[in-house]
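Hi everyone, thanks for coming. I'd like to walk you through one model today, so please have a look at the screen.

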Amino acid sequence: MISWLSPSELETALRDIGGRRYHSLHPFHGMLHGGKLNRDQVRAWALNRYYYQAMIPVKDAMILTRMNDASLRRIWRQRIVDHDGTSEGDGGLERWLQLTDSLGFPRDYVISNAGLLPATRFAVEAYVNFVRDRPLLEAIASSLTELFSPNIISERVAGMLKSYDFVSRETLAYFDGRLSQASRDADFALEYVKHNATTPQLQQSVLDALTFKCDVLWSLLDAIHHAYVSPGLPPPGAWIPGAELRS
Ligand SMILES: O=C(O)c1cc(C(=O)O)c2c(n1)C(=O)C(=O)c1cc(C(=O)O)[nH]c1-2
């Protein structure tokens, strides 16, 4: 168990976890951003990550049900609006589907999750279940990976535009909005955590929550890498490049 940390020491400890465990360090991201993947491997990433995107508003809805304070809910509900939009054809999920459209996947197939890797499903479900089962403070702390996402998003967009002729600024538009949304969301969550993690036990629990979330993101990429890069063994039922798509 750690000894009590001041709020700024707690922030340093949280950022240190990101520095060691965030998925920006995963070799798959190095390949994705460095132009080392072929089109089917990029397609596999977009297809599998759709499930993460799709479940983010579900987990945020779970967090909302735990908030008794209207002023907190007012702030948190914006996350759901960002992903779902306010009308058909609007919002982050729609923009992710525009990316999978551009990569040649029928929408029905993507939304059905029929070609999803089982390990992607398990990792994303673990995140949703964590948020459902753990105290609100830990659920909020588990979103703090977003402290580190603006850097990786900038690196990703620049690297992919430079390396791949099958993506464009338009098809990567999902990430435009995320840069400001992620900073806004992470700043709020960080202040909440620093203010509410007032004992060594609570501080340890938020550090553990962030570690857990880093593990979720890392596992997602492990699954994609194993199935589609090396050794390249998609499990039964998962999407196989070139095979007929059944939703
Ligand atoms: O592109 C990325 O690397 C990345 C990372 C993360 C993250 O660190 O959890 C999120 C996102 N993107 C993202 O687009 C997003 O909407 C999001 C929501 C959350 C969350 O935990 O509430 N993380 C992330």
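**A walk through the model**

Let's begin with burial: of the 247 residues of the protein chain, 34% count as buried, where buried means that 20 or more other C-beta atoms lie within 10 Å of a residue's own, exposed means 12 or fewer, and partly exposed is in between, with C-beta atoms placed from the backbone. Please keep in mind that this is a predicted model: local features need pLDDT of at least 70, side-chain atom pairs count only at pLDDT 80 or more, and totals for chains, interfaces and linings use all residues. Residues are numbered from 1 along each chain as its sequence is written.

Now the fold. The protein chain has eleven helices and zero strands; these are DSSP runs numbered from the N terminus, H or I of at least four residues for helices and E of at least two for strands. The radius of gyration is 18 Å, close to the 18 Å from the globule rule for 247 residues, so the protein chain is as compact as a globular protein of that length. That radius is taken over C-alpha atoms, and the rule is 2.2 Å times the number of residues to the power 0.38. The C-alpha trace spans about 55 × 40 × 35 Å along its principal axes. Among contacts between residues at least 6 apart in sequence, 80% join residues at least 24 apart, a contact being two C-beta atoms, placed from the backbone, within 7 Å.

Next, the inside. Which residues touch the most other members of the largest nonpolar core? They are Leu144, Val193, Leu210 and Ile224, in a core of 56 residues. Helix 11 gives the largest share of this core, 13 residues. Such a core is a set of buried Ala, Val, Leu, Ile, Met, Phe, Trp, Tyr and Cys residues joined through C-beta atoms within 7 Å. Leaving out residues up to four places away in sequence, Val193 touches Leu137, Ile140, Ala141, Leu144 and Val206.

Ile63 sits in helix 3 (residues 39-65) and counts as buried, because 21 C-beta neighbours lie inside 10 Å. Beyond four places in sequence, Ile63 contacts Trp76, Val131, Ala139 and Ile140. Ala197 is in the loop between helix 10 (174-196) and helix 11 (200-228), and with 24 C-beta neighbours inside 10 Å Ala197 is buried too. Ala197 and Leu10 are 187 residues apart in sequence, yet their C-alpha atoms are 8.8 Å apart.

On to the ligand. It is surrounded by Ile56, Ser143, Thr145, Glu146, Ser149, Ile152, Ile153, Arg178 and Leu217, where a residue is near if its C-beta atom, placed from the backbone, lies within 6 Å. Helix 9 (residues 149-163) supplies the largest share of that shell, three residues.

Finally, some backbone details. Most residues other than glycine have a negative phi, and most peptide bonds are trans. Asn113, in the loop between helix 6 (107-112) and helix 7 (118-133), has a positive phi near 60°. Asn113 is partly exposed, with 16 other C-beta atoms within 10 Å. A cis peptide bond, with omega about 0°, joins Ser230 and Pro231, and Pro231 lies in the segment after helix 11.
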